[in-house]
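The structure comes first, the notes after it.

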Amino acid sequence: MIERLGRKTVDAIKAVGGFGHFVGDLARAVPDVAVWGRLTLVQMRRVGVDSLPVALFIAAFTGVVLALQASYTFTGTVPLYFVGTLVGKTMMLELGPVLAGLALAGRVGASMAAELGTMKVTEQVDALETLAYDPQSFLVLPRVLAGTTMFPVIVALAILTGIVTGWIASLVLLDLSTQEFLKGLKLFYRFKDTWFGLFKSATFGCTITLVGCVVGLSTRGGAEGVGRSTTRAVVYSAVLLLVLDAFWALVLLR
Amino acid sequence: MIEFQDLRKAFDGRPVLDGFTLRVQDGETTVIIGYSGTGKSVALKHVVGLLQPDAGDVIVDGRAVSTLDRAALTALRREIGFVFQFAALFDSMSVFDNVALGLRRRDLSDDEIAARVQEALALVDLTGAEERLPAELSGGMRKRVGIARAIALRPRYILYDEPTTGLDPVTSAVIDQLMVRTREHLRVTGIVVTHDMRSAYTVGDRIAMLYEGKIRQVGTVAQIQETEDPVVRQFIEGRPT
């Protein structure tokens with residue numbers, strides 16, 4: 001029992017040390033712009049364009065549900081234009097970033113872990129090194145930069161989509177006018193609502209891509225190992241995303 | 001010259017290399033033979049710093065590989081071509097881009113890169129395959145692209161990790177011829193890791209047998225063929241225990 005606990009502690013310390021080492025190597029790759037610059041644009045297209053349909057699909061339905069649930073909750077005691085307030089605030093502060101983040105943890109994080117894991121077990125990563133490339137600047141940095149810059153763009157569009165579908169649902173299903181919805185939307189709005197959600201989503205993007213790369217590059221043992229890495233990347237990303245969400249709420253919203 | 005000096009490496013407490021010592025002279029091709037899982041590929045990966053030794057070192061032209069910083073290691077890797085067991089081609093890139101990738105790290109114009117790629121592909125009889133993807137190639141063709149990728153860099157050394165494993169006898173013979181042709185054409189020093197004795201006899205100037213983490217015997221092809229060491233004899237004749 002004590003031995004097992006000791007081994008787990010040592011493993012945990014090793015993992016933290018390994019992650020620190022990984023981030024250090026990543027920082028050392030930053031001056032190698034000639035390699036990561038062009039590849040970052042390719043990854044931005046992959047992360048951004050390819051992920052957009054999933055994020056917008058989720059946001060569209062979330063907007064409708066939020067409008068209906070708000071009206072159900074208010075039950076006539078709260079003015080109905082508050083539907084706009086609730087849809088706007090919730091999409092911007094929480095559901096836009098978090099739902100898109102969770103969806104993209106599955107979409108982007110898993111695909112990066114699988115891709116890099118396959119490259120690792122088929123010695124493609126070793127081949128890169130023998131060709132005088134640093135895997136950090138060739139594989140990791142472009143993905144992390146693409147995630148960090150593209151997630152806020154995706155989330156901004158997701159927020160916009162959610163608000164638009166919430167507005168349409170209010171018009172069609174709740175008999176709310178556009179003026180009333182906009183009145184609610186503007187009520188209590190602060191610029192912080194916007195930058196908070198976008199800043200948060202940048203940190204989600206960084207975390208999800210970093211986890212996908214770290215887990216992918218530590219893959220061992222063939223197809224089974226790649227499968228394990230893919231699952232691990234999704235689970236770690238989702239957990240870290242929720243922890244990070246609580247952390248930013250605590251730090252920036254109090 | 002490449003020197004393995006008392007190299008030791010263990011994985012999960014299990015020693016794989018246990019005092020591996022070998023000298024590879026310039027201009028010669030040394031073949032390392034041995035049973036599967038005895039650490040032949042592990043030894044090879046120490047030459048380019050893909051693995052760090054537990055003790056001992058590999059000395060390449062006076063440079064101790066394990067002590068090199070990142071810049072020095074990158075400079076060393078530019079002098080060495082590595083042909084991987086399963087070619088390790090980049091799936092998403094065409095044959096051209098696979099061969100050109102290493103060249104793009106050097107100060108070469110696009111025209112020079114294209115010329116070097118064509119030259120390397122011609123040497124491995126793959127002219128015309130530039131736009132194909134690795135998934136569209138046979139095992140033998142993939143290995144040839146792997147060799148082209150290594151020789152396009154015009155290295156001083158080429159390391160071959162099991163170059164004929166998994167190939168039919170005719171394709172294996174083609175790869176052997178290719179390795180001989182590469183040595184004659186580029187005058188490179190080579191290390192070939194294999195357990196294919198026909199290949200070892202064809203491409204090797206000297207053969208070294210790795211057994212239980214150490215070199216059991218090293219000698220010319222003729223010396224190995226006439227050995228009286230029972231372990232080496234059993235291996236080269238392929239006799240079961």
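Arg70(B) and Asp134(A) meet through their side chains in a salt bridge (3.4 Å, N to O); the term stands for a side-chain nitrogen of Lys or Arg within 4 Å of a carboxyl oxygen of Asp or Glu. This is a predicted model in which local features need pLDDT of at least 70 and side-chain atom pairs count only at pLDDT 80 or more, while totals for chains, interfaces and linings use all residues. Side-chain values use heavy atoms, with hydrogens and water left out.

- Arg70(B) is partly exposed at 43% relative accessible area, whereas Asp134(A) is buried at 11% (buried is under 20%, exposed over 50%, partly exposed in between; 1.4 Å probe, protein chains only).
- A network of salt bridges links Asp25(A), Arg28(A), Asp134(A) and Arg70(B).

**Salt bridges within chain B**
- Lys214(B) and Asp18(B) form a salt bridge, with their closest N and O atoms 3.7 Å apart.
- That pair joins strand β10 to strand β2 of chain B, 196 residues apart.
- Asp205(B) forms a salt bridge with Arg183(B), at 3.3 Å between the closest N and O atoms.

**Strand β7 of chain B**
- All 5 of the 5 residues of β7(B), 157–161, are buried, so the strand is largely enclosed by the rest of the structure.
- Tyr157(B), Leu159(B) and Asp161(B) point one way from β7(B), and Ile158(B) and Tyr160(B) the other way.

Technical notes:
Residues are numbered from 1 along each chain as its sequence is written. Chains are lettered from A and ligands numbered from 1 in the order in which they are written. Helices (H or I, at least four residues) and strands (E, at least two) are DSSP runs, numbered from the N terminus.
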